[in-house]
Amino acid sequence: MNVDKARELFSEYRENSLSPSLRESLARALEDDPSLARDYREFDGLMSNLESGASREAEVPFDLHEKIMARVDKSIFETSRNAKTGRWSNLRLGLIGAAACLAIVSTVLAIKNQGNSTVNTGDIVGLPSPSAKLQITASEGVLTLRHAPSDSVVVVKEEATGRLVDKFQLDGNGLDSPVTNNGPHAVVVRIESDQETTLVALPGTEVGVAGDGKGSLKDLARAMADLYRTPVRLGATDTGALISWTLDGVDPLKSRAKEGTFTVDRRGDLLFLTN
Amino acid sequence: MSQAFDDAVLIRQCQGGDRSAFDALVRQYETRAFQYAFRLTHDSDEAADIVSEAFVRVYNAIGNFRGQSAFGTWLYRILTNCYLDHRKKDKSRFHTSLETGVQVEGGEVERQIEDSAAGPGEEMERNAREHAVQEALDQMPDYQKSMLIMYHVENLSYEEIAEALDLPLGTVKSRLNRARLALRDLLATNVELFQLG
């Protein structure tokens with residue numbers, strides 16, 4: 001038996017848990033090898049010393065019990081407080097949600113009662129100035145109207161049919177409103193506020209195809225909205241002029257005019273199309 | 001009545017929300033828990049912290065205790081986990097030596113450890129041995145140290161350690177053997193202190 005193997009068996013030898021043959025073999029090795037025997041004595045002495053420590057006890061702090069129970073009490077209190085805070089947070093969120101729903105329902109009812117008489121139509125203006133009251137943004141393909149408190153009414157209509165899509169009676173309150181199109185294909189909507197009128201193509205649920213196309217600037221806006229899955233704002237004075245185009249399906253800024261002219265720009269997720 | 005029976009009754013009462021039963025359970029085990037924590041840390045305050053945290057965990061988990069192991073073994077497991085968490089949180093912690101004085105009102109006094117009487121020479125030799133062992137233990141990985149203390153100082157069996165640390169019995173035996181040999185190697189320069197006869 002070599003020294004390493006013998007050392008591995010020291011614990012079991014000391015505890016008398018080796019098989020008789022191994023025990024005998026190790027005992028013989030210890031007899032034959034004085035260095036190994038010294039190693040074992042040291043090992044045994046060390047273990048005995050370690051075990052003698054059991055009889056020497058540290059002084060227990062006089063207030064240990066109080067300290068433990070105070071810590072338990074604190075934990076119970078904190079758990080209970082967190083649970084209450086959690087419930088209150090949920091309740092508060094619920095109340096805010098309910099208030100928001102109530103506001104929306106009230107607005108819809110007000111619109112229904114009022115009809116379309118307050119809609120003002122006007123010319124389509126170009127790209128908005130930074131001071132524009134109605135901000136039109138897009139994120140992840142969804143158009144959002146950020147109404148300014150100074151606007152009293154904002155109306156969204158389908159450009160092709162004149163159908164009313166949405167109407168916001170603001171009464172001096174700002175509001176962020178998402179506007180989406182649940183139809184299969186892109187539609188152009190006219191957004192009319194007190195300050196300005198804007199045309200935006202909203203993507204439909206079906207993805208468009210890349211390639212060549214021909215039509216008006218509005219048709220191009222719809223094609224781009226469906227293909228690139230993002231609203232396209234029209235900033236043109238003549239949206240009816242006929243043009244033809246090529247869309248690569250990858251980068252809207254690389255869209256090319258084959259006939260006529262147009263320019264594509266991007267602000268955030270919103271594409272701007274002008275001629 | 002046996003300890004296990006007493007524990008089982010108290011635990012059932014705790015599970016039913018009886019605060020005084022929990023108080024009694026803490027009283028039953030706090031000294032033993034503190035001794036174990038102190039042997040791991042050599043620091044009275046840290047040991048008290050570990051024990052307090054362990055009993056908080058016991059309180060929070062006692063509803064799930066099914067008595068598959070003895071309560072004492074379960075407590076060792078929780079104490080060991082608390083100790084390991086403490087060490088993980090504060091690796092650079094200053095460890096108070098047993099030789100460090102204790103601050104009390106009116107100055108510093110020597111740390112008192114209960115001891116049976118012994119002659120001055122014998123006492124000095126024993127102190128030297130214990131000091132050497134403690135220093136070596138402090139150099140070992142925390143889990144090895146806790147295993148050695150559980151077995152050799154707390155007198156837990158291999159089976160109880162296996163339950164406490166959720167390890168197979170064979171793994172406990174082999175790890176303990178490695179830990180003992182590692183401890184012996186760490187004390188190689190002080191071996192004359194431990195030679196018997």
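Author: Strands are DSSP runs of E with at least two residues and helices are runs of H or I with at least four, numbered from the N terminus. This is a predicted model, in which local features need pLDDT of at least 70 and side-chain atom pairs count only at pLDDT 80 or more, while totals for chains, interfaces and linings use all residues. Residues are numbered from 1 along each chain as its sequence is written, and chains are lettered from A and ligands numbered from 1 in the order in which they are written.

Reader: How many bridges join strand 8 of chain A to strand 10 of chain A?

Author: Strands of a sheet pair through backbone hydrogen bonds, either parallel or antiparallel. Pairing requires that DSSP find at least two bridges between two strands. Strand 8 and strand 10 of chain A are joined by five bridges and run antiparallel. Strand 10, residues 243-247, is also joined to strand 11 of chain A, by three bridges and again antiparallel. Within strand 11, A:Ala257 is the bridge partner of A:Trp245.

Reader: In what order do the three strands form the open sheet of chain A?

Author: The order is 8-10-11, with antiparallel pairing. Strand 8 (211-215) and strand 11 (256-259) of chain A each have a single partner strand and stand at the edges, so one side of each lacks a neighbour in the sheet. On average, neighbouring strands of this sheet are turned by 30 degrees against each other, direction ignored. Helix 6 of chain A, residues 217-228, packs on the sheet and touches strand 8 and strand 10 of chain A; the helix direction makes about 15 degrees with that of strand 10. Two residues touch, or are in contact, if their C-beta atoms, placed from the backbone, lie within 7 Å.

Reader: What joins strand 13 of chain A to strand 9 and strand 12 of chain A?

Author: Strand 9 (232-234) of chain A runs parallel to strand 13 and is joined to it by three bridges; A:Arg233 has A:Phe272 as its bridge partner. Strand 12 (263-267) of chain A runs antiparallel to strand 13, with five bridges, and A:Arg267 is partnered with A:Leu270. The hairpin of strand 12 and strand 13 of chain A has two residues between the strands, and there A:Gly268 takes a positive phi near 65 degrees.

Reader: At roughly how many degrees do helix 4 and helix 6 of chain B cross?

Author: Two packed helices are described by the angle between their axes and the distance between the axes. Axes are lines fitted to C-alpha atoms, for helices over the stretch in contact, with angles from 0 to 180 degrees between N-to-C directions. Helix 4 (residues 71-89) and helix 6 of chain B cross at roughly 150 degrees, and their axes come within 10 Å. Helix 4 contributes B:Tyr76, B:Thr80, B:Tyr83, B:Leu84 and B:Arg87, and helix 6 contributes B:Asp142, B:Tyr143, B:Ser146 and B:Met150.

Reader: Where does helix 2 of chain B bend?

Author: Helix 2 of chain B, residues 19-41, bends by about 45 degrees at B:Tyr29. The bend is the angle between axes fitted to the seven residues ending at a residue and the seven starting there. Just after helix 2, B:His42 has a positive phi of about 55 degrees.

Reader: How many residues of chain B are in contact with chain A?

Author: There are 37, in contact with 29 residues of chain A. Helix 2 of chain B supplies the largest share of that side of chain B, eight residues. One residue that touches chain A is B:Val133, which touches A:Asn49 and A:Leu50, residues up to four places away in sequence not being counted. B:Val133 lies in helix 5 of chain B and counts as buried because it has 23 C-beta neighbours inside 10 Å.

Technical notes. Buried ≥ 20, exposed ≤ 12 C-beta atoms within 10 Å, placed from the backbone.
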